[in-house]
Amino acid sequence: MSVRTKRPRFNLTDLDYEFHYFIKNMSCRAVMRLPYTYRCRMATQVSDCKRIINFFNYFRMMYCSIDIHDKATEVLLMFLFGFICVAFLWLMSFNIGTYFSPVLKIISIKLHMNEYLAGVTFLAFGNCSPEIIANLMPVRADAPIFTIAVGNILAIILLSGGTVCFLRPFKINGHSTLRDLLFLLLGVEVLRFVMIKEGAVTLGEGIVLFSIYVVYVAINIADLALLRHYIKKLRRELDYLGSLTPPPTNEINAKLRKLTSWEEQDDIGIKDTTQYRRSRDTSNQFSNMTSSGYFVTPRPENLPGHIDYETNRTRLHNPENPRNLQLFTEFFQSLNPVDEEAWQLGGWLSRVYLIARCPLVFVLQLFIPVVDYEKVKHGWSKLLNCTQIVTNPFVVITLVHSGVSSVYKSWHITLDFSLSMWSPCLTVPLAIGIFLHSRSDVPPCYHHLHGDPLDRRHRTGSAL
């Protein structure tokens, strides 16, 4: 004889359905107006709180895991979150200055760009990518994106540009500035026309807006090609004037000044930043900038020279050395989060700062490979780089796959290793092959695409 269990039956009323509809359409901001004892339950039930999270469910972290029950604890936690935001901003700044900018210069040299073309392509993509990703996130679903974008543009032009003009000597290229402003006005007016007309924005209108930037980049490329054409033409004229007897000195000097100005616009050589770095580490940078007065921008006495990066690449190389010379010593030096030169030159306050940033710097050094022409061996560390071949794809695939899956069992996302667990099958043999092929005293040819320096000043001098 079987025992039959009866399930409890609930008589759902209109009020129950109305409450279910209310929870489903409730904004997560309304949770902040509830008493602290109900916030944990509402943070787990309100759909909007699950929609705006990314890797961390902050509402569940605060009101379920940490279990906040008073205003003072909530305010202290907000200050902690603010400090973490400042730390991430510093981390981004350090990452750009140490890893991104050197690689950007190397890519620009390999693609025969000048600084201006690199700025409107690679640097523009780097600046816009975080904003594009943030605008596509659910938290910005109902936000005024156009107003935010215009505000960011104004902040970049006025705040960043004004700060640079105040702290650094600068020279404005007249025709380039006028061209940029005209394209900026064109883009804003076309976008304004698309937004104020009746109906939604169509795919064709979006393509038109994107094509304006494509035309802008194409005009910059054509401008660089014309600049280099006239540089070659001016060199031929100087060769001809130099062959005359007697040579027209005044005309040659005038053309030389014009050629030097054009070559400066076409030059993107790697500059020696040793003097700037030492001034920064000894805390003399601010005093040097304000030595002439707070409202005076001093002109630098000595401009930094070019780096002979082929010498930096082969400085420690000797064919008679063992292939793994000082392998582990180099590995631990590459993971040292304290800059030895900054430690020796800085005071006690600078050393406290170096110690405080150690955990963040160590994480960056562990996962991000260094490719920098200013460094000895261009930043090559054999054992560390071979390790990064295995760890970096594993970490990136895990984070991306987990972010797409978006499975939460607690206040943080659940890491999904179902795809990344197979990445070592490809990366481990690759790392072993590179380890057996490469040397520790010189970077391999595939560390980056190595090429000859583009030092046009030396070529101009030899031509004259």
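I began with glutamate 74, which at 5% relative accessibility counts as buried; I call a residue buried under 20% relative accessible area, exposed over 50% and partly exposed in between, with a 1.4 Å probe and protein chains only. Before going on, I noted that this is a predicted model, where local features need pLDDT of at least 70 and side-chain atom pairs count only at pLDDT 80 or more, while totals for chains, interfaces and linings use all residues. Residues are numbered from 1 along each chain as its sequence is written, and side-chain values use heavy atoms, with hydrogens and water left out.

**Entry 1, the partner of glutamate 74.** I looked for salt bridges, meaning a side-chain nitrogen of Lys or Arg within 4 Å of a carboxyl oxygen of Asp or Glu. Glutamate 74 pairs with arginine 39, with 3.0 Å between the closest N and O atoms. Arginine 39 sits in helix 2 and glutamate 74 in helix 5, so this bridge ties together parts that are 35 residues apart in sequence. My helices are DSSP runs (H or I, at least four residues), numbered from the N terminus. Arginine 39 is buried too, at 5% relative accessibility. I also checked the ring beside arginine 39: the arginine lies over the face of tyrosine 36, at 4.2 Å from the ring centre. For that I required NZ of Lys or CZ of Arg within 6 Å of the ring centre and within 35 degrees of the ring normal. Lysine 382 does likewise over phenylalanine 435, at 4.4 Å from the ring centre.

How many salt bridges did the count come to? The count came to 8 salt bridges. One of them joins glutamate 330 and lysine 377, at 1.9 Å from N to O. Glutamate 330 is in helix 14 and lysine 377 in the loop between helix 17 and helix 18 (382-405), so the pair connects parts 47 residues apart in sequence. Glutamate 330 is buried at 9%, and lysine 377 is buried at 7%. Bridges that share partners gather Arg39, Lys71 and Glu74 into one network. I also wrote down arginine 179 with aspartate 180, whose closest N and O atoms are 3.9 Å apart. Here arginine 179 is buried at 12%, whereas aspartate 180 is partly exposed at 23%.

Arginine 357 lies in the loop between helix 16 (348-356) and helix 17 (358-367). Leaving out residues up to four places away in sequence, arginine 357 touches Trp90, Phe94, Pro337 and Asp339, a contact being heavy atoms within 4.5 Å.

I searched the whole structure for disulfides (cysteine sulfur atoms within 2.5 Å) and found 1. Cysteine 40 is joined to cysteine 64, S to S 2.0 Å. The pair links helix 2 (residues 36-45) with helix 4 (residues 58-65), 24 residues apart. The S-S torsion of cysteine 40 and cysteine 64 is about 115°, so the disulfide is right-handed.

I paired rings of Phe, Tyr and Trp (its six-membered ring) when their centres lie within 6.5 Å, calling planes under 30 degrees apart stacked, over 60 edge-to-face and the rest tilted. That rule gave 10 aromatic pairs. Phenylalanine 56 and tyrosine 58 make a tilted pair, 6.1 Å centre to centre with 50° between the planes. Tyrosine 58 and phenylalanine 81 are edge-to-face, at 5.7 Å and 80°. Phe56, Tyr58, Phe81 and Trp411 form one aromatic cluster. Phenylalanine 81 is buried at 19%, while tyrosine 58 is partly exposed at 41%.

Most residues other than glycine have a negative phi, and most peptide bonds are trans. The bond from threonine 245 to proline 246 is cis, with omega near -10°; proline 246 lies in the loop between helix 9 (203-243) and helix 10 (249-266). Aspartate 67 has a positive phi of about 60°, in the loop between helix 4 and helix 5. Glutamine 326 has a positive phi of about 55°, and at 55% relative accessibility glutamine 326 counts as exposed.

How values were computed. Helices (H or I, at least four residues) and strands (E, at least two) are DSSP runs, numbered from the N terminus.
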